Amino acid sequence: MRRAGGCRVTEPALNVAIAAKSYAAPGKSQRLVLRDLRFTVQPGERVAVVGPSGCGKTTLMRLIAGLDRTFEGRVTRPGAGGRLAMVFQEPALLPWRTVEDNIALVHPALDAGALGRLYDALGLAGHRRQFPGQLSLGLARRVALMRAFAVNPGLLLLDEPFVSLDEAMATRLRAELAGILAAGGVTTLLVTHDLDEAVELCSRVLLLSGQPATLAEDVALQHGAMSRAGLREDLIRRIARLGHAT
Amino acid sequence: MLRLGSLAALVAIWAIGAHFAGPQMLPSPLVVGRLMLHDTLTGELPRQMLITLFRVAVAFSIAMVLGSALGIAMGRHAAFDRVADPWVVVLLNLPALVIIVLAYIWAGLTETAAISAVALNKLPNAAVTLREGARALDRSLDDMAAVFDLSPWERQRHVVLPQLAPYFAAATRSGLSLVWKIVLVVELLGRPNGIGFELGTAFQLFDVARILAYGLAFVAVMLVIESFIVRPFEAHAARWRVPRD
């Protein structure tokens with residue numbers, strides 16, 4: 001937080017200004033993937049990045065996470081106020097460590113009581129001593145979520161966290177996650193091609209379009225004014241205008 | 001049980017063969033057993049065994065440490081792999097005897113030459129095995145370690161090394177069997193003691209009973225190492241590979 005002319009100005013939790021990101025697949029020439037992509041995420045805000053498959057959403061996430069620094073531009077987290085956490089498309093758990101050892105490895109910021117409540121909230125209390133190989137994919141994803149929340153993140157990145165889960169499991173997990181996110185006020189950036197996911201979890205949607213992908217529309221979701229189905233329909237209309245399907 | 005039966009059958013065939021070949025060509029298991037017991041009680045066999053085992057341990061450790069470091073670096077960095085690969089290929093295909101003889105010519109009939117020659121023979125083997133391990137490392141776990149800001153030590157200790165454990169075990173298993181065989185050749189050619197030296201002396205005296213007694217004693221020791229060190233290590237490294245509920 002800083003003051004400008006007597007007013008309290010909140011620094012954004014995330015400031016993305018990517019001029020260009022190129023990528024060369026093995027044996028192929030350089031391809032511009034992202035171009036002139038600029039947006040900010042305010043503390044406590046939950047933002048979804050939606051775009052067609054292969055448009056560069058995961059690339060964008062890797063740039064924000066600092067996993068790839070080969071791009072023109074800047075990504076900063078001036079007002080994030082805490083550690084970065086990420087839930088990957090794969091659970092990325094260490095198979096030789098138990099669930100609680102996987103959590104312990106990332107040095108949780110929460111105390112034992114808060115961790116215990118998180119275990120309960122995510123339905124993992126009975127699985128603490130199990131190895132990831134003993135868990136279903138749904139449970140493994142819960143562990144990945146648990147690990148992210150355990151560090152009490154200043155910014156949470158979710159890269160299609162429910163991909164390859166069956167519909168029933170994805171719906172249930174999404175509802176649980178929505179509850180935890182709403183209660184915790186965690187600044188969140190979600191990458192997805194699933195509009196239901198974006199509408200249920202977020203209050204703002206960034207639509208990516210084109211090749212190279214750029215920010216086509218920044219949509220504030222009017223949760224109070226419209227039903228989820230209405231918000232979804234509105235997003236579909238906007239996407240159709242942009243000329244692509246998710 | 002089947003293994004024990006198979007081993008008993010081998011001893012029986014040996015006894016029958018000894019009966020027909022005569023004691024000079026092939027002494028019976030009983031004669032060889034007696035000699036083994038005698039030399040054990042006098043302390044000669046254990047003494048020679050310890051000398052050889054010391055050489056095996058030192059050469060094996062050097063080869064594993066350097067070979068693993070080389071292999072991991074090659075597996076992680078493609079450019080370094082392209083530079084180092086021809087060297088590894090040369091070493092892999094250079095006959096063990098050539099390395100041993102050259103080491104003795106260049107460094108004299110010394111302990112250093114002997115151990116270096118053995119280590120150099122095993123090193124490319126470990127490097128190639130660990131290179132495959134490093135190439136197979138899961139990148140998503142690397143990403144996880146980076147995002148959650150694990151220290152370099154934590155990444156190596158908890159993320160990288162456990163993934164390499166099966167490759168270490170494979171390199172250890174193949175390495176031990178390779179190293180002890182080469183150590184015997186090294187001792188035969190240029191050392192004044194050790195099991196290899198004893199075998200060389202027995203060869204000159206056409207003492208087949210001694211050759212078998214020392215050879216088999218060494219096999220027994222290596223089996224003990226395999227059973228009580230290598231296999232438990234493998235089991236420990238793979239303890240998380242549990243069946244699903």
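1. Let's start where the two chains meet. In this predicted model, 16 residues of chain B are in contact with 17 residues of chain A. On the chain B side, two helices, α7 (139–147) and α8 (152–190), each supply at least two of the touching residues. The most comes from α7(B), which gives six residues. If you sort the side of chain B that touches chain A by class, you will find nine nonpolar, two polar and five charged residues.

2. Now step back and look at chain B as a whole. The C-alpha atoms of chain B fill a box of roughly 70 × 55 × 30 Å along the principal axes. Of its 245 residues, 32% count as buried. Take the contacts in chain B between residues at least 6 apart in sequence: 73% of them join residues at least 24 apart.

3. Helix α5 of chain B (residues 96–107) has twelve residues, and at 1.5 Å a residue it should span 16 Å; the end C-alpha atoms are 16 Å apart, which agrees. Just after α5(B) comes B:Gly108, which takes a positive phi of about 80°.

4. Which of its residues are buried? They are B:Ile195, B:Gly196, B:Phe197, B:Glu198 and B:Leu199. Among the elements that cover these buried residues are α3 (44–76), α8 and α10 (208–237) of chain B. After α9(B) you will find B:Phe206, whose phi is positive, near 55°.

5. Finally, visit a helix pair in chain A. Two packed helices are described by the angle between their axes and the distance between the axes. For helix α4 (residues 137–150) and helix α5 (residues 167–184) of chain A, the angle is about 15° and the axes are 11 Å apart. Angles under 35 degrees count as roughly parallel, and α4(A) and α5(A) are therefore roughly parallel to each other. Their crossing is right-handed.

6. Which residues make the contact between these two helices? From α4(A) come A:Gly138, A:Arg141, A:Arg142, A:Leu145 and A:Phe149, and from α5(A) come A:Met169, A:Leu173, A:Leu177 and A:Ile180. By class, the residues of this contact of α4(A) with α5(A) divide into six nonpolar, one polar and two charged.

Technical notes. Residues numbered from 1 in each chain as written. Chains lettered and ligands numbered in written order. Predicted model: local features only at pLDDT ≥ 70, side-chain atom pairs only at ≥ 80, totals over all residues. Contact = placed C-beta atoms within 7 Å. Helix = DSSP H or I, 4+ residues; strand = E, 2+ residues; numbered from the N terminus. Nonpolar A, V, L, I, M, F, W, Y, C, P; charged D, E, K, R; others polar. Expected span 1.5 Å × (residues − 1). Buried ≥ 20, exposed ≤ 12 C-beta atoms within 10 Å, placed from the backbone. Axes fitted to C-alpha atoms, helices over the stretch in contact; angles between N-to-C directions. Parallel < 35°, antiparallel > 145°, perpendicular 65-115°, else oblique. Left-handed = near helix turned anticlockwise from the far one by under 90°.
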